[in-house]
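Please look at the structure below before reading the points.

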Amino acid sequence: MASTRNSYHFDFIKAYGEDIGGADVVFPLDDVESIEINGKRQRGYCGHVGETGKSSDGLYYRIHLSDYTFWVDPADYHDLMDFLHERQKAAIEVVKQHQAERDAYDQRHAQQLLTGVTSDPITEDIYWCYIQGSPDANLQKKFTKLTAAIAKKCEEHGGRLYKTAAKSAKYAIMADYRYYTDDDFLFRRENGYKVVTLEQAVAHMGLQKLWDDSEIQSRLKEHAEFLARPRQTHGTSITLTMPDISPILEEREKANAPQKTERVKYPPRKPAAYTPPAEKPSAAEAKTPIEPVDTMMKAYQKNPTGYLRQMKIMKVLAPILCTLSAMLIPVSPFAFAALYLVGLGLSTMPRTFNEKKSEQSITPIYKRKAVIISFVFLVSWFVFCMSAH
């Protein structure tokens, strides 16, 4: 006898490829194509039911639907599989019903396309209109030019081509030949518009040079024949991917036949608590400090006031050294370069100290704009001095 239980709690669920943890799940009896997770109803098609054995820790069975994977407690396994098997059969029948309705819809529209749609008579109100839809992608360039020409015609006749279905529009011009059906035209009329095809509007406005009516009629006929084609006997692709689990259930029932009729309930088991790996101890927590200690911060911690004063002195001293190095140019360009590099190095220390103090990542020397500009100046001036000698 199939299980009627439709609500379960799963410790682990994967939905659309993403882990969502544990949740209470209900399979609504009034809709076999939906599912409720923590009270929120969403799509949950059960036409495909699969199983990939137990989880890596051996505590759960992994059960798959089309878009979900459930880690099922062994105590719930038999009830859930019985229920999903029956739900699978119902879901397949619903798909067949949807397909039959779609086939009837396509057949009716194919007949309407081939018979020809009944349009409204065209009056001067056609120049107050909007265009509904668009033709095939490879006709978009022509369609764009045609739309601009229709807009110009509307302005010349004191009207307007609206971008959408505005209240002031009188006509709806259907531009997609796939919707040249009485059903679609009736829907526009019920919304207060007179309805014509794009080709009829083009003929009335004298824009035939911009649009090929015969090409549209040829495509319309091809589309109608496509809708009216006989369906393949094996049904839709979704039914082909739905494995039947009834043989598995029959084998299980045979194996359990000699046993008691009352099903054995497995005691619920919970996964072992996850213990994260121990973090690497910091220098302050470790028994022995981590070496080497940053000399700059060590000096600051030893004498904060004195070190801050030292940084201020470096800000002043660095440009002075760079300026004094210019005096060495007549004596030796190499001495000039050496002293200039010393001053340039001292100029970087205050920024490095501030970044370390605020626990920011240290900006590399070669990424500092001031250093790059100063270094380029040094190289250029050194080359100039050497060439002058």
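This is a predicted model: local features need pLDDT of at least 70, side-chain atom pairs count only at pLDDT 80 or more; totals for chains, interfaces and linings use all residues.

1. Residues are numbered from 1 along each chain as its sequence is written, and side-chain values use heavy atoms, with hydrogens and water left out.

2. Helix α3 covers residues 182-190 (helices are DSSP runs of H or I, at least four residues; strands are runs of E, at least two; both are numbered from the N terminus). Its buried residues are Asp184, Phe185 and Arg188 (buried: under 20% relative accessible area, 1.4 Å probe, protein chains only). They span an arc of only 100° around the axis, which puts them on the same side of α3 (the arc is taken from the directions from the helix axis to the C-beta atoms).

3. What covers these buried residues includes α1 (74-115), β8, β10 and β11 (contact: heavy atoms within 4.5 Å). Helix α3 lies across β8, β10 and β11, at about 145° to β11 (axes are lines fitted to C-alpha atoms, for helices over the stretch in contact; angles run from 0 to 180 degrees between N-to-C directions).

4. The order β9-β8-β10-β11 describes an open sheet of four strands with parallel pairing (two strands pair if DSSP finds at least two bridges between them). β9 (160-162) and β11 (194-197) are at the edges with a single partner strand each, so one side of each has no neighbour in the sheet.

5. Four bridges join β8 (residues 128-132) to β10 (residues 171-174). Glutamine 132 has methionine 174 as its bridge partner in β10.

Definitions and conventions:
Buried means under 20% relative accessible area, exposed over 50%, partly exposed in between (1.4 Å probe, protein chains only).
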